[in-house]
Amino acid sequence: MTEEQIAATPPGGDAAAPAVQHLALPNLLDMPLADMPLPPGEPAYRRDQLIDWLYAKSTSDFDRMTNLPPVMRGWLEEAYVADPFTATRRFPSRDGSVRYLFTLRDGKQTEAVYMPYAGRSTVCVSSMVGCPAGCAFCATGAMGFGRNLSRGEIVGQLLAVARHEKVAARELRNVVLMGMGEALLNYEGALAAIRTLLDPRALDMSARRITLSTVGLPSRMRRLAEEGLPLVLAVSLHAPDDETRRRIIPTALANPVAEIVDAMRYWQERGGRRVSIEYTLLAGVNDSDSQAADLARVLGDVHVHVNLIPFNPWHGSGFAQSSRARTESFKAKLHEKGMSVSVRFSRGRDAGGACGQLALKRGAAA
Ligand code: SF4
């Protein structure tokens with residue numbers, strides 16, 4: 001499937017298969033706030049009340065929207081839904097994070113991960129069912145592509161986490177689009193979701209607390225730069241040279257490292273902030289000191305922070321985690337070259353929720 005076909009895939013169907021019929025009623029979370037429906041004759045402030053219930057109060061049950069007139073609640077109940085999911089399963093990890101498995105209204109499934117930290121809880125959300133990018137070290141990539149998620153299906157993950165964790169949705173201050181999927185291949189869906197997260201009437205998030213991760217698609221990175229949103233851009237580079245990159249990331253065939261780095265420069269010229277470089281360390285593949293030196297050289301003048309991610313093994317991947325000594329040596333080499341760098345240990349590993357592990361794994365839910 002080409003980049004254009006994937007980007008054009010409507011929620012509910014993929015470009016290679018007949019569109020799946022949506023039997024469900026329209027989801028209010030899929031609508032821009034200005035289009036939120038009102039029954040005839042209801043004053044405009046009822047729309048604000050409805051928006052407040054849906055987002056700030058993360059309520060999907062119309063019966064609980066007690067300041068709306070019963071007649072309006074009945075009207076909404078008949079014509080709309082406010083929850084994109086028919087089932088939610090929760091997989092807590094020993095480290096306090098929780099993996100969520102959501103069943104969408106067409107029966108497909110996707111995942112999110114809740115990571116509670118004091119004062120800065122984070123939700124990692126998916127932008128797709130599966131992923132077409134097919135990175136060799138990623139369990140999601142091995143699943144293949146299901147479909148793009150809609151605005152409501154992306155924002156709905158955060159709202160569902162808030163409900164289940166019994167926290168106010170607005171207290172979930174950090175969102176990372178790093179779950180299943182390549183967000184820039186679902187450009188419309190991801191951007192619509194981000195605009196809802198930012199809207200003061202909805203979740204009133206700061207763009208600086210929203211991270212969008214990409215495998216490195218230069219034309220779409222440039223398009224995102226044109227949006228003028230002060231998001232955090234995370235680029236999954238994983239290798240400093242095209243040859244190594246092409247072994248582990250199929251999209252690298254069409255997107256050389258030099259063009260990705262140029263797109264990062266463009267991002268910063270257009271006012272974008274420091275770029276996060278995501279680099280999963282794979283033993284014997286991309287973790288040598290000379291590759292660390294190459295990484296520092298190719299990133300050159302771009303303002304970046306490098307996140308080194310120890311590989312989270314999954315059955316059948318064919319890759320192994322770099323040793324701690326190798327990881328430290330790689331990090332030290334980057335330091336020596338003047339790079340800002342840290343090692344990011346993923347959370348939720350025992351619950352199948354760590355970076356690169358999301359693959360709709362079942363098991364004991366709570
Ligand atoms: Fe897709 Fe990201 Fe996995 Fe690559 S690493 S296959 S872009 S989800």
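The chain has 11 helices and 12 strands, with helices (H or I, at least four residues) and strands (E, at least two) taken as DSSP runs and numbered from the N terminus. This is a predicted model, so to speak of local features a pLDDT of at least 70 is needed, side-chain atom pairs count only at pLDDT 80 or more, and totals for chains, interfaces and linings use all residues. Residues are numbered from 1 along each chain as its sequence is written, and side-chain values use heavy atoms, with hydrogens and water left out.

Of the 366 residues in the chain, 57% are buried; buried here is under 20% relative accessible area, exposed is over 50%, and partly exposed is in between (1.4 Å probe, protein chains only). Among the contacts in the chain with a separation of 6 or more, 66% come from residues 24 or more positions apart, a contact being heavy atoms within 4.5 Å. The largest nonpolar core takes in 105 residues, where a nonpolar core is a set of buried Ala, Val, Leu, Ile, Met, Phe, Trp, Tyr and Cys residues joined through side-chain atoms within 4.5 Å. Tyr-55, Met-264, Leu-299, Val-306 and Leu-334 have the most contacts inside that core. As for Met-264, once its neighbours within four places in sequence are set aside, its contacts are Met-221, Val-235, Val-275, Ile-277, Leu-299, Val-302 and Val-304.

Helix α2 spans residues 45–54, and its buried residues are Arg-46, Gln-49, Leu-50, Ile-51, Trp-53 and Leu-54. The cover over them includes α3 (70–79) and α5 (151–165).

Next come the helix pairs. Two packed helices are described by the angle between their axes and the distance between the axes. Axes are lines fitted to C-alpha atoms, for helices over the stretch in contact, and angles run from 0 to 180 degrees between N-to-C directions. α5 packs against helix α6 (residues 187–198) at about 45°, the axes being 8 Å apart. That makes the pair oblique, given that angles under 35 degrees count as roughly parallel, over 145 as roughly antiparallel, 65 to 115 as roughly perpendicular and the rest as oblique. The α5/α6 crossing is right-handed; a crossing gets that label if the near helix is turned clockwise from the far one by less than a right angle, and is left-handed if anticlockwise. On the α5 side, Arg-151, Ile-154 and Val-155 meet Gly-189, Ala-190, Ala-192, Ala-193, Thr-196 and Leu-197 of α6. Sorted by class, this contact holds six nonpolar, two polar and one charged residues (Ala, Val, Leu, Ile, Met, Phe, Trp, Tyr, Cys and Pro count as nonpolar, Asp, Glu, Lys and Arg as charged, and the others, Gly among them, as polar).

α6 also pairs with α7: their axes come within 12 Å and cross at roughly 30°, so the two are roughly parallel. This crossing, too, is right-handed. Tyr-187, Glu-188 and Leu-191 of α6 meet Arg-220, Arg-223 and Leu-224 of α7, giving three nonpolar, no polar and three charged residues.

Helix α7 (residues 218–226) in turn packs on helix α9 (residues 257–269), at an angle of about 0° and with the axes 9 Å apart. These helices are therefore roughly parallel. From α7 come Pro-218, Met-221, Arg-222, Leu-224, Ala-225 and Glu-226, and from α9 come Glu-259, Ile-260, Asp-262, Ala-263, Met-264, Tyr-266 and Trp-267.

Ala-293 is partly exposed because its relative accessibility is 21%, whereas Leu-295 is buried at 0%. Not counting residues up to four places away in sequence, Ala-293 touches Lys-333 and Lys-337, while Leu-295 touches Leu-237, Pro-240, Tyr-279, Val-306, Phe-330 and Leu-334. For Leu-295 and His-238 the figures are 9.4 Å and 57 residues.

Most residues other than glycine have a negative phi. Lys-166, in the loop between α5 and β7 (174–177), has a positive phi near 60° and is exposed at 74% relative accessibility. Asp-204, in the loop between α6 and β8 (210–214), has a positive phi of about 55° and is partly exposed at 37%.
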